[in-house]
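Morning, everyone. Please look at the structure on the screen while I talk.

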Amino acid sequence: MSLLDQITRNGYIAIPDFMSIKQCNEIKLEGLRNKTVRYKPFWMAMPSIFNELMLGWETGDRMPTADFVEGETVQPAQLTQPYMYRPWTPYTELLSIRLVLLLTQVNTKSITLVPNTTKEKYETSRLQSNQYDDMLYDPNAVSFTGMKGTLLVLHGRTLHSLGTEDYVTEEPRQLMVADFVHPKIEKSVRLYQKVIADQQADS
């Protein structure tokens, strides 16, 4: 089964050993220093994933910036952009993906995914007011665990949280998180974000 079929059916895929322990340690140093990550070997490896998903998304020579997440964090149930924005909430096609690289071993309860929610009917107002948190405790929800170097690829419409409750690890949890929006709507999403930001600044 192709990566596209897997992520469309289940809402996510996990790729063990995507980065070596040495590479993860180098990424952690960069993240600790800058709070963001532009690790070239990681981005050079990404076109193979994009090609397998048949999305035509390319990083080219540019290296996107990824967020560095460290320590205990509790997050609400969420979708990634653009699905949390009203114009795109109803769409169920694959318009975005979230990449989560585990820089430390992740044990149970740290990352929660709700499979098969890419076709779920969501209300934008409820998404933005964190009213879907109860779904994280659904019997079908998955507490994702993985070894250092595992890459988690999430369909942008998969309901998830990168921190649902306390967890125990031998070292503080560290993740690299990057979101990609389909090129055909990237400019529209950026414009929408600017309009929202301007409205908030004026209020």
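Start with Glu 186 and Arg 190. They form a salt bridge, and their closest N and O atoms are 2.8 Å apart. By salt bridge I mean a side-chain nitrogen of Lys or Arg within 4 Å of a carboxyl oxygen of Asp or Glu. Glu 186 and Arg 190 are four residues apart in helix α5, so about one helical turn separates them.

A word on the model. It is predicted: local features need pLDDT of at least 70, side-chain atom pairs count only at pLDDT 80 or more, and totals for chains, interfaces and linings use all residues. Residues are numbered from 1 along each chain as its sequence is written, and side-chain values use heavy atoms, with hydrogens and water left out.

Are these two residues buried or exposed? Glu 186 is partly exposed, at 25% relative accessibility. Arg 190 is exposed, at 53%. The cut-offs: buried is under 20% relative accessible area, exposed is over 50%, and partly exposed lies in between, with a 1.4 Å probe and protein chains only.

How many salt bridges does the structure hold? Four. Another one joins Asp 198 and Lys 194, at 3.0 Å from N to O. Both residues lie in helix α5, four residues apart, which is about one turn of the helix. Asp 198 is partly exposed, with a relative accessible area of 35%.

Glu 93 pairs with Lys 184, with the closest N and O atoms 3.1 Å apart. Glu 93 lies in the loop between β3 (66-70) and β4 (96-102), and Lys 184 lies in helix α5 (residues 183-202), so the pair ties together parts 91 residues apart in sequence. Helices (H or I, at least four residues) and strands (E, at least two) are DSSP runs, numbered from the N terminus. Glu 93 is partly exposed, at 39% relative accessible area. Lys 184 is exposed, at 52%.

On to the sheet. In what order do its strands run? The order is β1-β7-β4-β9-β3-β2, an open sheet of six strands with antiparallel pairing. At the edges stand β1 (12-15) and β2 (36-37), each with a single partner strand, so one side of each has no neighbour in the sheet. Two strands pair if DSSP finds at least two bridges between them. Strands of a sheet pair through backbone hydrogen bonds, either parallel or antiparallel.

β2 and β3 pair in the antiparallel sense, over two bridges. Val 37 stands opposite Ala 66 in β3.
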